[in-house]
Amino acid sequence: MMVIRPICQNDLKSLYRLAEKTGIGFTSLVSDEAVLQKKIDGAIRSFAKENVVSPSNEDYLMVLEDSTTGDIVGTCGILATVGLDEPFYSYHLGTITHASRELGVHNAIPTLILNNDFTGCSEICTLFLEENYRHSKNGQLLSKARFMFMAQFPERFTEKVFAEMRGVSDENGVSPFWESLGRHFFSIDFKEADELTSQGNKQFIAELMPNNPVYVNLLPQEARDVLGQVHKNTVPARRLLEQEGFRYENYVDIFDGGPSLEARVQDIRAVRDSRLCLANIGQPKGLCNTPNEGCFYLVSNAKVVDFRCILIQRSIPPGSAMTLTQEEADSLCIINKEPVRIVELSPYSGH
């Protein structure tokens, strides 16, 4: 069974192995043991915090574990806030109008304006799944389990949440947007700028990035073409977020031009539609025997430190009580009559 759980100290080697596979442009997971150890330590402290009444600098990093083998095959995370300890920069794609009544000219020019508009917001991040596990709805479980945690503990997050999506770059890590804009101000490779920000060093952005609007029409066509577009490996992740209600509101990454998607937490489909019920442990009615039978449901417990989320399949919709097999209950770390949270996996169909 595939299980989402908080990361623990024993996961460092597995996390490093995953980080080696992410590639350039994946700033939230880099193959540096010291950085990853710091991330794990921060996550453990975050999950251990009790009586949280408002979000602060918590980092809720989770992993996807194959309980059959014990292998860690994916990660996902939520930052409770960004931009409080160090500036968080993005570009907003806006418009400046140039007009002349005498000449009869009225031009609306798209511009990029540097901003800190996401300061203080929660961010979902660090979504990565091993390639040979990209099947059986594992990607959906990995992405949407975060919303079950947010639904259960809304006080730990801000009203608005966003996700920075990885922008377009080639197999060598060359970003058309960076080559056309960032390189002129930073005089370093995209990979080097990426590594500096992943290590928390963002002072150079404030020192070197232009504060004046950037006229998009002056950028080469290849840079304009990738503005607000995602890396080919990120297309499924973007689609999942948009299914849940996330929208692109013209904010892009300052390095690769990738889009930021945002939503109000209470408007996220899995948050809005999920519900608590009591778990019964036994033989469920409507247990499915084939992958194409019945609907899929996300089920999580109501715990913080021992948070767990799994995917189950049923041909009969669950009611006010949820009957789980012993294996499912064990995976969720619950006993009989404990509360669980449940929601359909897909907003359109369970299949």
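Leaving aside neighbours within four places in sequence, which residues is A19 in contact with? The model examined here is predicted; local features need pLDDT of at least 70, side-chain atom pairs count only at pLDDT 80 or more, and totals for chains, interfaces and linings use all residues. Residues are numbered from 1 along each chain as its sequence is written, and side-chain values use heavy atoms, with hydrogens and water left out.

A19 is in contact with L29, V30, S31 and L36, its neighbours within four places in sequence aside. Contact means heavy atoms within 4.5 Å. A19 lies in helix α1, residues 12-19. Helices (H or I, at least four residues) and strands (E, at least two) are DSSP runs, numbered from the N terminus. A19 counts as buried because its relative accessibility is 5%. Buried means under 20% relative accessible area, exposed over 50%, and partly exposed in between (1.4 Å probe, protein chains only). The buried residues of α1 are L12, S14, L15, L18 and A19. Seen down the axis of α1, these residues fall within an arc of 165 degrees, so they line one face of the helix. The arc is that of the directions from the helix axis to the C-beta atoms. The cover over the buried residues of α1 includes α2 (33-48), β2 (59-66), β3 (71-79) and β6 (122-129).

R341 lies in strand β15, residues 339-344. R341 is buried yet has no salt bridge. A salt bridge is a side-chain nitrogen of Lys or Arg within 4 Å of a carboxyl oxygen of Asp or Glu. The nearest side chain of opposite charge, E155, is 9.2 Å away. Lys and Arg count as positive and Asp and Glu as negative; His and the chain ends are not counted. Residues touched by R341 include M148, A151, L298 and V299.

Strand β11 (residues 275-281) is joined to β15 by four bridges, and the two run antiparallel. Two strands pair if DSSP finds at least two bridges between them. R341 in β15 is the bridge partner of L276. Four bridges also join β11 to strand β14 (residues 321-324), here in parallel. M322 in β14 is the bridge partner of A279.

Strand β10 (residues 259-264) is mostly covered, with five of its six residues buried. Five bridges join strand β7 (residues 160-164) to β10, and these strands run antiparallel. E164 stands opposite S260 in β10. Strand β9 (residues 247-252) is antiparallel to β10, with three bridges. R247 stands opposite E262 in β10.
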